[in-house]
Amino acid sequence: MTADEAALARLMGAAQQGDRQAYAVLLEQAGRWLRRYFARRVAPQNLDDLVQEVLLSLHRKRATYDPARPFLPWLAAIARYRWVDQLRGEYRAATQELQDNDAVDEGSEDAVLARISLDRLFARLPAAQARAIELVKIEGRSICEASQRCGQSEALVKVNIFRGIRKMAALIEKAQ
Amino acid sequence: MKRTTDGLIAQLANELQPVRPLRWRAGMALALAAFAMAALAVVALRGLSEGVAHGHVSAFFVVANGLLLLLGLAGASAVIAMASPNVGAQHQGPKWALAMVMVLPVAAAFALLGSGSADHSIGGLHAVYCIALSLATAALVAAALVVWLRQGAPVSAPAAGLYTGIAAGALGSVAYGLSCPVDTIAHLGIAHVVPVALAGAMGRIALPAFLRW
């Protein structure tokens, strides 16, 4: 069962007051939510690391949550920040292609969740930048492979990755 | 050995301590306190200008400093909001306030067109003092905003740095303006707006490194 927005906000409010039980439930629910949130946009072998990074960030920055505001847009902003951070990180050569069954069922997302999704960040990128990032940073292909697949030169793939990540970093809160 | 997510959750829950949520009002109070201290420091060190002391200021003085004050408050408000991230936040306020302040240098340029000596109209060496001392005053406000941002979780460090600089520059300019004896539009529109642009550029370049987390 997945907790809804109001329940998560209540749990976070209780966690800020030091309620460890509520916090454990919140982190568990947030972890599940993050797995769905990152699906299709993170290579499977990086997913655990990224979810843990976001949970650690949530813990360190828990005072920045305002209990009067919705919880998920706050968590999504942290998740996007850490995700862009990871995209910036070193490319790992040994990656595997995303499997079709990793795709999330978009029909189950409601309008609010769709607004804070990672797809909204990608949608703001020019197609060439989004494709370069998908191929190299998410699917884990080499620059050379990506160049052959998308028809961009290797230099252009690198430039598009750099510019795309920079643009997404500037849009973390704005893209919805 | 890699830790599991369940193990991490158990560890974090076990380490949990109560925290006081960052409130926008508390952040604004900090920014306003820094602005008040900056203004008091200016008055203590340089005294009030004749016009301000006797309530005889020009309309240009009121318009210029009113716009700069609004820009400073809008910028500070955005910076404080940026400490608490939220998908959907646009932080558009400072852009409109900045656009309004940019009317001042345009008005100054028109004023200079009809004047004999641009250097004299702007204030000569005094204009350089205004810019330098406004920036020095702005540093106090900038420090308060950076302290707040470092407690928070800004997800766009370049934008946070830029807005911090703009807010601090505008409030620093207003604080220093209390002691500035020149209240012509040519002087106010240039010597009191340039610090905003300089502080914004400095914030954009220098602050992101301190704001990443």
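At what angle do helix α8 and helix α11 of chain B pack, and how far apart are their axes? In this predicted model, α8 (residues 125-151) and α11 (residues 194-206) of chain B meet at about 50°, with 9 Å between their axes. On the α8(B) side, the contact is built from B:I131, B:S134, B:L135, B:A138 and B:A142, while α11(B) brings B:V194, B:P195, B:L198, B:A199 and B:G203. By class, the residues of this contact are 8 nonpolar and 2 polar, with no charged ones.

Let us step back to chain B as a whole. Chain B has 12 helices and 0 strands, so its pattern along the sequence reads α-α-α-α-α-α-α-α-α-α-α-α. Its C-alpha atoms fill a box of roughly 75 × 30 × 25 Å along the principal axes. Of its 213 residues, 49% count as buried. If you look at contacts in chain B between residues at least 6 apart in sequence, 87% of them join residues at least 24 apart.

Helix α4 (residues 59-82) and helix α5 (residues 93-101) have axes that come within 8 Å and cross at roughly 160°. Because angles over 145 degrees count as roughly antiparallel, α4(B) is described as roughly antiparallel to α5(B). The crossing of α4(B) and α5(B) is left-handed. From α4(B), the contact includes B:L67, B:L68, B:L70 and B:L71, along with B:A74, B:G75, B:S77 and B:A78. Facing them on α5(B) are B:G93, B:P94, B:A97, B:L98, B:M100 and B:V101. This contact has 11 nonpolar and 3 polar residues, and no charged ones.

The loop between α4 and α5 of chain B holds B:H91. This residue has a positive phi of about 55°, although it is not a glycine. Most residues other than glycine have a negative phi.

A:R40 is not a glycine either, and has a positive phi of about 75°. You will find A:R40 in the loop between α2 (20-38) and α3 (44-60) of chain A. With 17 C-beta neighbours inside 10 Å, A:R40 counts as partly exposed.

Now to the place where the chains meet. Here 27 residues of chain B are in contact with 37 residues of chain A. On the chain B side, α1 (5-15) and α9 (157-177) each supply at least two residues, and α1(B) gives the most, with 6 residues. The side of chain B that touches chain A divides into 17 nonpolar, 9 polar and 1 charged residues.

Finally, a word on confidence. The mean pLDDT of chain A is 84, and 84% of its residues reach 70 or more. Over residues 91-109 of chain A, however, the pLDDT is below 50. Beyond near neighbours in sequence, that stretch has 23 contacts in the model. Where pLDDT is low, the predicted coordinates should not be read in detail.

How values were computed. Residues are numbered from 1 along each chain as its sequence is written. Chains are lettered from A and ligands numbered from 1 in the order in which they are written. This is a predicted model: local features need pLDDT of at least 70, side-chain atom pairs count only at pLDDT 80 or more; totals for chains, interfaces and linings use all residues. Two residues are in contact if their C-beta atoms, placed from the backbone, lie within 7 Å. Helices (H or I, at least four residues) and strands (E, at least two) are DSSP runs, numbered from the N terminus. Ala, Val, Leu, Ile, Met, Phe, Trp, Tyr, Cys and Pro count as nonpolar, Asp, Glu, Lys and Arg as charged, and the others, Gly among them, as polar. Axes are lines fitted to C-alpha atoms, for helices over the stretch in contact, and angles run from 0 to 180 degrees between N-to-C directions. Angles under 35 degrees count as roughly parallel, over 145 as roughly antiparallel, 65 to 115 as roughly perpendicular and the rest as oblique. A crossing is left-handed if the near helix is turned anticlockwise from the far one by less than a right angle, and right-handed if clockwise. A residue is buried if 20 or more other C-beta atoms lie within 10 Å of its own, exposed if 12 or fewer, and partly exposed in between; C-beta atoms are placed from the backbone. pLDDT is the predictor's confidence in each residue, from 0 to 100.
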